[in-house]
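Please look over the two chains below before reading on. My notes follow the display.

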Amino acid sequence: MPTVRKTRSYRFPSAHVLASRELSGADNDRIFGKCANPNGHGHDYGVDVCVEGEVDEATGEVAPTHVVDAIFDETIRARYSHAMLNDLPEFETEVPTAKNIAKAIFQALAAPVTERTTARLASVRVIETSNNHFEVRA
Amino acid sequence: MLVDVTRTIEFATSLRYRRGDLSEAENRELFGVHANRHGHNYRLDVTLRGETDPVTGMVINLTDLKAILEEVVMSRFDHKDLNDDTDLFEKRPPTPENVALVIWELLEEAVPNGLLARVRLHAGADTTVEVAAGA
C-alpha cells in the first residue's frame with residue numbers, strides 16, 4: 001500500500017521578540033540582531049500541518065479535514081493568532097524562533113490528532129517569511 | 001545516484017462526494033455541502049525517481065512523461081465531471097485523498113520501469129495530498 005499524507009495550510013499573524021532571558025541585552029543584540037527589538041515585530045505565519053494514515057473507506061479521508069481544522073483552531077489559532085508569542089507559556093523559557101514555534105505546534109497537535117482521528121501527525125512546517133521555512137517531522 | 005524528476009500539470013473538474021451504496025439523503029448527511037456538485041482547480045506534481053541514462057542524461061524523456069500525463073490524467077479529468085465522465089469514483093467519493101490515490105494507481109500502470117515515486121495533488125490553496133511508494 002502506498003503512504004497517504006494530507007497537508008492543510010493555515011495562516012495567522014503574530015508578534016514576537018527574539019531574545020533570551022538568560023542573555024544580556026548586548027548579547028541578545030549581537031545574536032538576534034534586529035529581531036531582538038524589545039518592542040517586538042511580527043510576521044504572517046504560514047503553517048502546513050501534515051497527517052498520515054490509511055484512507056477511511058467510508059469517508060475517503062485520511063483524517064476528516066474539519067476535525068484537523070478544529071484541532072488547529074482550538075489548539076493553535078485561538079492562542080497564536082493576533083498575539084504576542086512571548087506571552088505564551090511555551091515561550092516563557094524558549095525563544096520563539098520559527099524552529100521553536102514549529103516544535104511547539106508539533107507538540108501541541110500530536111496528541112489531539114491521535115485522539116480525535118485515526119491518522120498521526122507527520123510534520124509541521126512553519127513559513128515565517130518567503131525566505132525562510134522550518135519543518136519538524138515525527 | 002538517484003534523481004527525482006517532477007512534472008506539474010493542472011486540470012479543472014467538477015465533482016460531488018457520493019458513495020453509490022448510500023441513498024441521496026445518506027450521502028448528504030455524510031458529506032454535507034460536498035455532496036453538491038462543485039468544482040476545483042487541481043495542480044498535480046508527478047515525481048519519478050531513477051538513475052540518469054549515461055548517454056541521454058535523462059531519468060525519463062520528458063516528452064514521454066508529458067504524453068503519459070496527457071493520456072492518463074488530462075484526457076480523463078480535465079474539464080470533465082469526476083462522477084459522471086469516469087467510472088473511477090462509483091465506490092469511493094472523489095476526496096483529494098481518493099483523487100490522488102486513483103491517479104497513483106493509474107500512473108503506476110502507465111509509467112515504465114517502476115519509476116513512479118510520488119504524486120502530490122494540490123486541491124485548492126489549502127489542501128495537499130501526497131501519495132508515495134510505501135515504506
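1. Basis. This is a predicted model: local features need pLDDT of at least 70, side-chain atom pairs count only at pLDDT 80 or more, and totals for chains, interfaces and linings use all residues. Residues are numbered from 1 along each chain as its sequence is written, and chains are lettered from A in the order in which they are written.

2. Contact between chains. Chain B gives 19 residues and chain A gives 14 residues; contact means C-beta atoms, placed from the backbone, within 7 Å. On the chain B side, β5 (127-132) and α3 (96-110) each supply at least two residues. The largest share, 6 residues, comes from β5(B). Helices (H or I, at least four residues) and strands (E, at least two) are DSSP runs, numbered from the N terminus.

3. Strand pairing. Strand β1 (residues 3-16) of chain A runs antiparallel to β5(B), with 6 bridges; pairing requires at least two DSSP bridges. A:Arg8 faces B:Thr127 of β5(B).

4. Core. The largest nonpolar core holds 53 residues. Such a core is a set of buried Ala, Val, Leu, Ile, Met, Phe, Trp, Tyr and Cys residues joined through C-beta atoms within 7 Å. Buried means 20 or more other C-beta atoms within 10 Å, exposed 12 or fewer, partly exposed in between. Among those with the most contacts inside the core are A:Ile105 and B:Val119. Beyond four places in sequence, A:Ile105 touches A:Val47, A:Ile76, A:Val124 and A:Val126.

5. Positive phi. B:His79 has phi near 55°. B:His79 is exposed, because it has 11 C-beta neighbours inside 10 Å. B:Asn113, with phi of about 60°, lies in the loop between α3 and β4 (116-123) of chain B.

How values were computed
Two residues are in contact if their C-beta atoms, placed from the backbone, lie within 7 Å.
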